[in-house]
Amino acid sequence: MKNTLLFSILFMVVACFFSSNAIAEKPHPDTVKTGIYITSIHDIDFKQNEYTAIFWLWLTYKKKEFDFAQNLEIPQAKTVTKSFSTVDSSNGQIYLLMKMQCVMKDSWRINNFPFDRQKLHLSIENSQFDAKSLVFVADTLGMHYDPKFTLKGWDIDSFTVSTGKKAYETAFGDASYAKPHSEYANFKVNIGISRSATELFWKMFLGMYVAFLISYICFYIHADNIDSRFGLSVGSLFAAIGNKYIIDASLPDSTSLTLVDTLHAMTLFFIFVVIVSSTYSLTMLKKGKVKQAYLFDSIAAKVVLVSYILLNIYYISNALKG
């Protein structure tokens, strides 16, 4: 009985020893409290998939080795300019405040352009220490952006800050890793913006609609005026194509069918319908069916106009909802 009791005590001591060693071998990562205050977002370049942000960033931590003044990493940034920084190492911790200007690369969703909604992403990491060494905690006190600054042509729908980990399927050449996988803590900012698009829509698509209306006038020109009918229709066709190329020049390349593509394709189709209708009306006129030709033009004019308007309302409404 005594031997059993002694053995149990010895086993518990050994277990406690090894468990304490295991805990010692896996220390908790240090906490870095991080906050941001954005003072400006501007120069949104849709063609180049980039925008410029000016913001204040502050970090509070204990380990000097983290050295965020040198090790700060902004993964999506094209350029990073630090215009001001100050460090306070009193009270046993480091407080770092920086003012930065970054040209950020991002990807735009243009399916519903110009009624599009976008997400701007900004995140920071420490380039030298992974998630085993540090984790970020968001400073959520106060506002995160200046409510007085205006994002020209856009409205800010949402603004969130969060923390997490970014996985990289590589060890960056570090032989101590068992497999090519590493994780770095990050501090993330997501800004939801929607475009104020009413004026922009008419500015970009007015030429297309005028081209359609010019071709539509052909229904009210006498059917035997073949030169006038076909001249207007063909001119409208090239005007609509030219309008599309002008808009496409300001947008990034896309493999999906966008609202711009849909509205222009639909306009080209209806202009083609006008040309076909003019041809058919002329054919009936040549056969002496004058009344039938006039009746056909009258019915075709109503059908084409109503169909074109309804389809425009349908596709634009879907874009506004999306």
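Predicted model: local features only at pLDDT ≥ 70, side-chain atom pairs only at ≥ 80, totals over all residues.
Two strands count as paired if DSSP finds at least two bridges between them. One of the places where they face each other has Gly164 opposite Asn186 in E9.

E8 and E9 belong to an open sheet of four strands, with the order E3-E6-E9-E8 and antiparallel pairing. At its edges stand strand E3 (72–73) and strand E8 (154–168), each of which pairs on one side only.

There is also an open sheet of five strands, and here the pairing is mixed, with the order E4-E5-E2-E1-E7. Strand E4 (77–88) and strand E7 (134–138) sit at the edges with a single partner strand each, so one side of each has no neighbour in the sheet. Going from one strand to the next, the twist averages 30 degrees.

Eleven of the twelve residues in E2 are buried, which leaves the strand mostly covered. On one side, E2 pairs with strand E1 (residues 30–45) in the antiparallel sense, over ten bridges, and Ile38 stands opposite Phe55 in E2. The hairpin of E1 and E2 has four residues between the strands, and in it Asn49 takes a positive phi near 55 degrees. E2 also pairs with strand E5 (residues 94–105), again in the antiparallel sense, this time over twelve bridges. In that pairing, Trp56 stands opposite Lys99 in E5. As for side chains, those in a regular strand alternate between the two faces of the sheet.

The parallel part of the picture comes from E1 and E7, which run parallel and are joined by five bridges. Lys33 stands opposite Val137 in E7.

Moving on to the helices, a packed pair is described by the angle between the two axes and the distance between them. For H3 and helix H4 (residues 226–248), the axes come within 8 Å and cross at roughly 170 degrees. An angle over 145 degrees counts as roughly antiparallel, so that is how H3 lies relative to H4. On the H3 side, the contact is made by Met204, Phe205, Gly207, Met208, Ala211, Ile214 and Ser215. H4 brings in Leu232, Ser233, Ser236, Ala239, Ala240, Asn243 and Ile247. Sorted by class, the contact has nine nonpolar residues, five polar ones and no charged ones.

Setting aside neighbours within four places in sequence, Phe201 is in contact with Pro114, Phe115, Leu206, Tyr209, Leu263 and Ile316. Take Pro114 from that list: Phe201 and Pro114 are 87 residues apart along the chain, yet their C-alpha atoms are separated by 6.4 Å.

Lastly, the cysteines. Searching the whole structure turns up zero disulfides. Cys102 is buried, with a relative accessible area of 0%. Cys218 counts as buried too, at 0% relative accessibility.

Terms used: Residues numbered from 1 in each chain as written. Heavy atoms only, no water. Buried < 20%, exposed > 50% of the residue type's maximum accessible area, 1.4 Å probe, protein only. Helix = DSSP H or I, 4+ residues; strand = E, 2+ residues; numbered from the N terminus. Axes fitted to C-alpha atoms, helices over the stretch in contact; angles between N-to-C directions. Contact = heavy atoms within 4.5 Å. Disulfide = S-S within 2.5 Å. Parallel < 35°, antiparallel > 145°, perpendicular 65-115°, else oblique. Nonpolar A, V, L, I, M, F, W, Y, C, P; charged D, E, K, R; others polar.
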